[in-house]
Amino acid sequence: MTPQEKDLRVRVIRISAANPYCEGDLVRAADRVLPETTMRKIAGKIDICSYIDESVTAALKAAVPKGVESIEDSATLSIVAKCGAQEKVFGFLYPEEVDQKVFHRENPRVTRLWDLTYRVRSHAFGKHFSLRDLPAAQEKEAEDLGTRLLPELVSGKFDSAFCDYTCAGKKCDTNYLAWLLRGYTGPPVSRDPSSVERVNASSLRLSKYDLPKYSPLAKQARIFGEVRLTLAPDTQTGRVKDVQLVSGNPMLGNPAVDAVRQWQFSPGTQLGQPVAAVLRFSLCPDE
């Protein structure tokens, strides 16, 4: 949030993986100017500058810790506020690392601070706002804005929010975003987040094969993993005459079975026994 005379600018920026092997980023952003609005008006009773970092940290530690089962679709959070000449930084854990019921009951004031980001975003863009899976026109608009914001992103302006981050496992010799977005000039040409590979390729000795297509529904549902099949090749032609799905999600397994039916083994391959095939469906994780 940035005050602009009598108005308030709210900006959301998302940096995520862009290509099949998760090497490369995509920067998208959304921007709203709220007329005749102040930060205090949106924050309501939350006076960020009245919080003390030590008390926020103590409140988090007081919550009963939980075993972290999965943080693939989660994130830590840093809130940075300018309070006169002073800058305050509040760091929050992964939600899975805190007993939320205890935290909300024992520390409602700190809970409100933790929820502030969602409150501001909802006020500016709506409760169901997301920079994922945008229509084509809105996607381009978000990408174009992300590209225009690059100089500001890498300027060091946001260093405080990433002070504990490392660059390739080492302490950053520059600001974190400058390291992360080094070489980024705009949306990459290849950004399909999915890939399919044959795990035991060398043992199959195929002369003809096509990999299955990643189902759009499976992508949308974030379904990935291995699919195991057994194939029965014809002893005369080497063509696959039967395929059985041994394990794997049906949303991945069914397209795999259809594709494998068209495979053909190399001449001279010892046939007659069922052959095992393993296909790995992968999705780049979002940040």
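Me: Which residue lies over the face of Tyr51?
Reply: Arg109, at 3.8 Å from the ring centre. A charge counts as over a ring if NZ of Lys or CZ of Arg is within 6 Å of the ring centre and within 35 degrees of the ring normal. Arg198 lies over the face of Tyr209, also at 3.8 Å from the ring centre.

Me: What should I know about the model and the numbering?
Reply: The model is predicted, with local features needing pLDDT of at least 70 and side-chain atom pairs pLDDT 80 or more, while totals for chains, interfaces and linings use all residues. Residues are numbered from 1 along each chain as its sequence is written, and side-chain values use heavy atoms, with hydrogens and water left out.

Me: How many aromatic pairs are there?
Reply: The count is 10 aromatic pairs. Rings of Phe, Tyr and Trp (its six-membered ring) pair if their centres lie within 6.5 Å; planes under 30 degrees apart are stacked, over 60 edge-to-face, the rest tilted. Tyr176 and Trp179 are a tilted pair, because their planes are at 35°, with centres 6.0 Å apart.

Me: Where do those two sit, and are they buried or exposed?
Reply: They are 3 residues apart in helix α8 (residues 176-180), about one helical turn. Helices (H or I, at least four residues) and strands (E, at least two) are DSSP runs, numbered from the N terminus. Tyr176 is buried at 14% relative accessible area, and Trp179 is partly exposed at 21%. Buried means under 20%, exposed over 50%, partly exposed in between (1.4 Å probe, protein chains only).

Me: Which cluster are they in?
Reply: Ring pairs link Phe162, Tyr165, Tyr176 and Trp179 into a cluster.

Me: Changing topic. What order do the strands of the open sheet take?
Reply: The order of its 4 strands is β8-β13-β10-β11, with antiparallel pairing. Two strands pair if DSSP finds at least two bridges between them. β8 (194-198) and β11 (240-247) are at the edges with a single partner strand each, so one side of each has no neighbour in the sheet.

Me: How many bridges join β10 to β13?
Reply: There are 7 between β10 (residues 225-233) and β13. Thr230 has Ala276 in β13 as its bridge partner.

Me: Which helix packs on the sheet?
Reply: Helix α11 (residues 250-260), which touches β10, β11 and β13. Contact means heavy atoms within 4.5 Å.

Notes: Axes are lines fitted to C-alpha atoms, for helices over the stretch in contact, and angles run from 0 to 180 degrees between N-to-C directions.
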